Amino acid sequence: MSRDGAFTPKSLSASEYVRELFEPTDNVAILARNRGTGKTVQRIAKAATIASPEFQEWLTAQNAAGSDAFIGMNPIKEGAYNRTKDNVEDIRHVYLDLDRKGDESLEAIRDSPTVPAPNFVLDTSPGKHQVVWKVSGFSQDEAEALLRGLANQFGGDAAATDSTRVLRLPGFANRKLSEEFIVQARYESAAVHTPREFTIEDDSPEAPRHVSEDHTRRRSIPSDHKSQSEQDWAYAKRALARGDDPELVVKRIADYRSEDKADPDYYARHTVTKAQGELARQNTIEEH
C-alpha cells in the first residue's frame, strides 16, 4: 500500500478524475446514454485522449443533449472493442453505489475498521454517492467477491458488483433527475490498497468466502458460479422475499442493465416475473 503523507483532499473535474484513475496509455470505456431516446454510445480510448479538451467538449455536448456520462472503472485490453470481463486488462478499482440511505452508508464506511478510507467519493444526486478505492493485487474473482461483500455490509447496490461496471463522471448533470444536479467528485486519498486491507465477509450465495484470506491462494471460479443474468434473478428473489415493491425491483435491475441490454425494461420485468413465479412455487410446496 502507498501512503498518503501530507495529502490534501480536493474536488476534481472530469479530466482530473480520469487522470487520477488511470495511466495516460490505459484504454478506458466511456458511455454516453440518453434515457429519453434509449441511445447509448460507447467509446474506448486512451485515458489521455478522454481527458483532453476535445473529448470533454464532445461529452459536454452529449450531456447537454440529455445523455448521462459514465466511465468504466477498470482498463480494457489493447485492441478490445467492447467492455466484457474477458477484455478487462487489470483490476484497478473497487467501488460502491450508495443509492439508498447514502449519507448514512457513507458515514458507516468512513467509521468502519473493516475497509480503508475511500480514495474518491462522488455525489451523484442529493443523498446518493459512489465510493471508489484504488487497489492492486486483485484477480477479477477476488474483486467481485469483495464488491458483493461491500454491498452486503454497507447497503450498496447489489447489482453493481461486476468488474466491468461503469460509474458516473464528475462535472456532468445527472439526467435521471427532474432538477439539474451536477455530479461532484472529491479526491480524499492517494493510497493504493491490497486485499489484506479489506476484512469484509462476503456472505452472499454467490461466493461464501472471506475476502481477505491469504492472497497467495488464488481463487478459482466456484462450481456454483452464476452468470450475470442468474445473479440478477437471485437478487430479484432476495428483494421480493424481503418485501420490496416489485416495481422498484424492476427499476433497479433496469437501471443497472441499461448499458448492456437493448431493452432493459423488458429484461428487468421478465427477470422479476420469473422470480415471482419461483417464489410462488416455493410457497406452494412449503404449504403442503
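Residues are numbered from 1 along each chain as its sequence is written, and side-chain values use heavy atoms, with hydrogens and water left out. In this predicted model, local features need pLDDT of at least 70 and side-chain atom pairs count only at pLDDT 80 or more, while totals for chains, interfaces and linings use all residues.

Reader: How many helices and strands does the secondary structure come to?
Author: Helices (H or I, at least four residues) and strands (E, at least two) are DSSP runs, numbered from the N terminus. Counted that way, the protein has 8 helices and 11 strands.

Reader: What percentage of the residues count as buried?
Author: Buried means under 20% relative accessible area, exposed over 50%, and partly exposed in between, with a 1.4 Å probe and protein chains only. The protein has 288 residues. The buried share is 51%.

Reader: Among contacts between residues at least 6 apart in sequence, what percentage join residues at least 24 apart?
Author: Contact means heavy atoms within 4.5 Å. Take the contacts between residues at least 6 apart in sequence. The share that joins residues at least 24 apart is 69%.

Reader: Which residue is the bridge partner of V94 in β7?
Author: β5 and β7 pair in the antiparallel sense over 6 bridges. H93 stands opposite K134 in β7. For V94, the bridge partner in β7 is W133.

Reader: How many residues of β7 are buried?
Author: β6 and β7 form a hairpin with 2 residues between them. The two strands pair over 5 bridges, in the antiparallel sense. β7 is mostly covered, and of its 7 residues the buried ones number 6.

Reader: Is K101 buried or exposed?
Author: K101 lies in the loop between β5 and α4. Its phi is near 50°, a positive value in a residue other than glycine. Most residues other than glycine have a negative phi. Because its relative accessibility is 64%, K101 counts as exposed.

Reader: Which are the edge strands of the 4-strand open sheet?
Author: This sheet has the order β3-β2-β4-β8, with antiparallel pairing. Its twist averages 30° from one strand to the next. The strands that pair on one side only are β3 (39–46) and β8 (166–168).

Reader: Which residue in the turn between β2 and β3 has a positive phi?
Author: Strand β2 (residues 27–34) and β3 pair in the antiparallel sense over 8 bridges. They form a hairpin with 4 residues between them. In the turn, a positive phi of about 80° belongs to G38.

Reader: How many charged residues are in the lining of the largest pocket?
Author: A pocket is found on a 1 Å grid over the protein atoms alone, as an open set of points where a 1.4 Å probe fits, with protein on both sides within 12 Å along at least five of seven lines; lining residues have an atom within 4 Å of a point. The lining here has 22 residues, and D97, D99, K128, K176 and D255 lie nearest the centre. Asp, Glu, Lys and Arg count as charged; Ala, Val, Leu, Ile, Met, Phe, Trp, Tyr, Cys and Pro as nonpolar; the others, Gly among them, as polar. The lining has 5 nonpolar and 4 polar residues, and the charged ones number 13.

Technical notes
Two strands pair if DSSP finds at least two bridges between them. Axes are lines fitted to C-alpha atoms, for helices over the stretch in contact, and angles run from 0 to 180 degrees between N-to-C directions.
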